[in-house]
Amino acid sequence: MEAAGPKWHQRVRTRLTTAVMVSIIAPILLFYALSTTVATRAQLRTAGNGLRNVAEQVDFMLDDLLKNIPLDLRPSIYDPDLAKLSGKELGIYLSLSLHRLPYVDGLSFVDVNGKERARVSLTQVYFPDQLRDLS
């Protein structure tokens, strides 16, 4: 009988040691998981706020840029002498105007009837047969 006692006692001690270790380690792991989740959410919130601020700044800059396009083109838009130019001369004039406007990639001159007389682009060449009727 003495031999059975120490084995039983050994098993209880092993189980008790395991239970105590689990009861100590489990809260530590739970605390680590919760604190990591909270920190990650805080970082995501901060990143989201930063992206929102950048988006607002870009929106403001685009609004300002788009408001200034008519001001930059005003001399061209209201010049009555442009209608007197030939298609080739209009193309040269529009090309020069296009290079003064870095945020515009193409311009066209439309007469009072809604027909393009000249069209220029930074990426494409337009020939007279490619001009559109916008009426």
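**View 1. Gln130 is partly exposed in this predicted model.** The relative accessible area of Gln130 is 34%, which counts as partly exposed because buried means under 20% and exposed over 50%, with a 1.4 Å probe and protein chains only. Gln130 sits in the segment after strand E2; helices (H or I, at least four residues) and strands (E, at least two) are DSSP runs, numbered from the N terminus. Leaving out residues up to four places away in sequence, Gln130 touches Glu116, Arg119, Gln124 and Val125, where contact means heavy atoms within 4.5 Å. Arg119 is eleven residues from Gln130 in sequence, and their C-alpha atoms are 8.9 Å apart.

**View 2. The largest nonpolar core has ten residues.** They are Leu82, Leu90, Leu94, Leu98, Leu101, Val104, Leu107, Phe109, Ala118 and Val120. A nonpolar core is a set of buried Ala, Val, Leu, Ile, Met, Phe, Trp, Tyr and Cys residues joined through side-chain atoms within 4.5 Å. Helix H2 (87-100), strand E1 (106-110) and E2 each give two or more residues to this core, and H2 gives the most, with three. Beyond its neighbours within four places in sequence, Ala118 is in contact with residues including Leu90, Leu94, Leu107 and Phe109.

**View 3. Ser121 belongs to strand E2 (residues 116-121).** A polar atom of the Ser121 side chain lies 3.3 Å from the backbone oxygen of Asp105. The side chain of Ser121 also reaches the backbone nitrogen of Thr123 at 3.1 Å.

**Notes.** Residues are numbered from 1 along each chain as its sequence is written, and side-chain values use heavy atoms, without hydrogens and water. Local features need pLDDT of at least 70 and side-chain atom pairs count only at pLDDT 80 or more, while totals for chains, interfaces and linings use all residues.

Notes: A polar contact is a pair of N or O atoms within 3.5 Å; within protein, one must be able to donate a hydrogen and the other to accept it, and residues adjacent in sequence count only if both atoms are side-chain atoms.
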